There are 2 protein chains.
Amino acid sequence: MSLVVIGTVAFDAIETPFGKTDKIVGGAATYASLSASYFYDKVKIVAVVGDDFPQNEIDEFKNHHIDTEGLQIKAGEKSFFWSGKYHNDMNSRDTLVTDLNVLADFDPIIPESYQDCQYLMLGNLTPQVQQTVIKRLHNRPKLIVMDTMNFWMDIALNDLLETLKMVDVLTINDAEARQLSGEYSLVKAANKILTMGPKYLVIKKGEHGALLFGENQIFSAPALPLEEVFDPTGAGDTFAGGFIGYMAKAGEVSFEHMKNAIIYGSALASFCVEKFGTEKIKNLSPSEVSERVQQFVSLSSFQIKA
Amino acid sequence: MSLVVIGTVAFDAIETPFGKTDKIVGGAATYASLSASYFYDKVKIVAVVGDDFPQNEIDEFKNHHIDTEGLQIKAGEKSFFWSGKYHNDMNSRDTLVTDLNVLADFDPIIPESYQDCQYLMLGNLTPQVQQTVIKRLHNRPKLIVMDTMNFWMDIALNDLLETLKMVDVLTINDAEARQLSGEYSLVKAANKILTMGPKYLVIKKGEHGALLFGENQIFSAPALPLEEVFDPTGAGDTFAGGFIGYMAKAGEVSFEHMKNAIIYGSALASFCVEKFGTEKIKNLSPSEVSERVQQFVSLSSFQIKA
């Protein structure tokens, strides 16, 4: 039994009002797998990098017991590179550079040892590649979580809609939920999206928390109010990784478990934004994680009798 | 012992994507006192209207056991009138007409029978008038809640800052918290505002819920996800009225009680937006209110062990 994460493993160069980085390691699969590794010890990644990707960064995955057999290293090619600059409010950013490099013709190879996959995290990638991964697994996983973004709604909507039919949980932000459904009300948007395939929908609202829809129920999770958001890059991927990592640990798919999974995912995401890149989520202690989760408990609990 | 609400009692004409109204009854004191009346039966209002204000609308207050001795009726004058049009997203609106009328020289008279005030709700009004009410009470109430808006920050900031020093709780929205503090981070904004006088700060975030800051704690309350927001007019006033009404019922000022007060205020506000004006909050049954509150409980509860 394992949790397979597919997505980008890449270089980012980030500029925020607090400073800027050189090329640092990023990518959806990087954030999501690191995050999941705090809850589950059989995390395996499927991704592609060039031979410019440093061995010590691959070792970092191994330090987190993340299986990298599915990480293709293309000789003579370069890793995906993204560079962006956040505006002062941290809610919007400009993309400065997108060099697809190895990602341009990424053909995801699923090692035989990954065929025990029970939990599949489809990190943000072309929907076509996400779909290929599902098809290449001999047995359908118990839970498939798909992350995506407005970019694919703009340029590959049909592929996205096809892939959507094959997954259990979709995680998108509020603007994307509105775009995908054509509905402004998030309740109406969720109802529509839940007819497109997924049984559960997570709407990520950044500093406003997240909403979970499914089984005719709604759960509203808070975000931890932070003094400063240092770098939002990867927060959504970290959330998704913590979410599915917790689900794999729970071992059972239910709305109740998903509520907790959202809290754990949010807790990990709240660490992610405190430093540049993966710096913070690379080095968390179990007690740091459980203390942070307890902050979510006290943040949102109140006592009203039935 | 009583709960005194000061604010506008007025006429509104509202246009939303769902329709438009003729002149209907509105005003901060109207919404707040109706809302508070569901939790506390000694609600008294201080406000001013012209003789164009219909007697049956005054009777409506009495039906809710709201004392109107402090409601001045100015012969030969007209009531305050506001007209506005909401944009499609319901988050922004254009003011079409503001006729101050009787409000231009409003001098709040506190009847002797109101001097038992223990809970004071300063609905949105000029800070100068809010301050006058505090000064005219012989004994300082146990809890003073002040609502205000960006308009007063723009044109009467010094008065607002003076009044702030005299109150216990300030309720404003997120944009206003940022404007008042000059800080983008709501945590930093709250820390700054809590040095300006109030011991507690409620930041209203509309469809994203509300945050309570005070006693070195933070509480995050969800908003009820709604299929449709029909008319947001008065939602903030309704929230504030429910908040202080619950506090008066609780009879004790504490962070724990305030958390519940925010949930009750949010529940009443969620009714308010379902119809035009006060239509919905005029006619709620106790069981409707408690069922709605239970929706907030299930919406936000999860089980994570310490």
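## Where the two chains meet

In this predicted model, the contact draws on 39 residues from chain B and 39 residues from chain A. Of the area that chain B buries against chain A, 20% is supplied by B:Glu227, B:Phe302 and B:Ile304, more than by any other three residues. Together, chain B and chain A bury about 3,200 Å², and 53% of that is on carbon and sulfur atoms.

**Polar and charged pairs across the interface**

- The rule finds four salt bridges across the interface of chain B and chain A.
- A salt bridge joins the side chains of A:Lys188 and B:Glu228, at 2.5 Å from N to O.
- Polar contact across the interface of chain B and chain A involves 18 residue pairs, with both residues at pLDDT 80 or more.

**What builds the side of chain B that touches chain A**

- At least two residues each come from helix H6 (174-181), helix H7 (186-193), strand E14 (217-221), helix H9 (255-272) and helix H10 (286-300) of chain B.
- Which element gives the largest share of this side of chain B? The answer is H10(B), with seven residues.
- Sorted by class, this side of chain B has 18 nonpolar, 11 polar and 10 charged residues.

## Salt bridges within the chains

Over all chains, the structure holds 30 salt bridges. As background, side chains of opposite charge can pair when their charged atoms come close. Here are some of the pairs, with their surroundings.

**A:Lys282 and A:Glu57**

- The side chains of A:Lys282 and A:Glu57 form a salt bridge, 3.4 Å from N to O.
- This pair links distant parts of the chain, 225 residues apart: A:Lys282 is in the loop between helix H9 (255-272) and helix H10 (286-300) of chain A, and A:Glu57 is in helix H2 (residues 55-63) of chain A.
- Are these two residues buried or exposed? A:Lys282 counts as buried because its relative accessibility is 18%, under the 20% cut-off.
- A:Glu57 also counts as buried, at 17% relative accessibility.

**A:Arg140 and A:Asp168**

- In the salt bridge of A:Arg140 with A:Asp168, the closest N and O atoms are 3.1 Å apart.
- A:Arg140 lies in the loop between helix H3 (127-136) and strand E10 (143-147) of chain A, and A:Asp168 in the loop between helix H5 (157-164) and strand E11 (169-173) of chain A, so the pair ties together parts that are 28 residues apart in sequence.
- A:Arg140 is partly exposed, at 46% relative accessibility, whereas A:Asp168 is buried, with a relative accessible area of 4%.

**B:Lys85 and B:Glu15**

- B:Lys85 and B:Glu15 form a salt bridge whose closest N and O atoms are 3.9 Å apart.
- B:Lys85 sits in strand E7 (residues 81-86) of chain B and B:Glu15 in strand E2 (residues 10-16) of chain B, so this pair ties together parts that are 70 residues apart in sequence.
- B:Lys85 is partly exposed, with a relative accessible area of 38%, and B:Glu15 is partly exposed as well, with 23%.
- Leaving aside neighbours within four places in sequence, B:Lys85 is in contact with B:Glu15, B:Ser92, B:Arg93, B:Asp94 and B:Leu96.
- The C-alpha atoms of B:Lys85 and B:Ala13 are separated by 8.6 Å, with the two residues 72 apart along the chain.

**Further points in chain A**

- A network of salt bridges links A:Glu15, A:Lys20 and A:Lys85.
- A:Glu279 is found in the loop between H9 and H10 of chain A, and at 45% relative accessibility A:Glu279 counts as partly exposed.
- The C-alpha atoms of A:Glu279 and A:Val46 are separated by 22 Å, and these residues are 233 residues apart along the chain.

Note on methods:
Residues numbered from 1 in each chain as written. Chains lettered and ligands numbered in written order. Heavy atoms only, no water. Contact = heavy atoms within 4.5 Å. Buried area = accessible area lost by both parts, 1.4 Å probe. Polar contact = N/O pair within 3.5 Å; in protein donor to acceptor, adjacent residues only side chain to side chain. Helix = DSSP H or I, 4+ residues; strand = E, 2+ residues; numbered from the N terminus. Nonpolar A, V, L, I, M, F, W, Y, C, P; charged D, E, K, R; others polar. Buried < 20%, exposed > 50% of the residue type's maximum accessible area, 1.4 Å probe, protein only.
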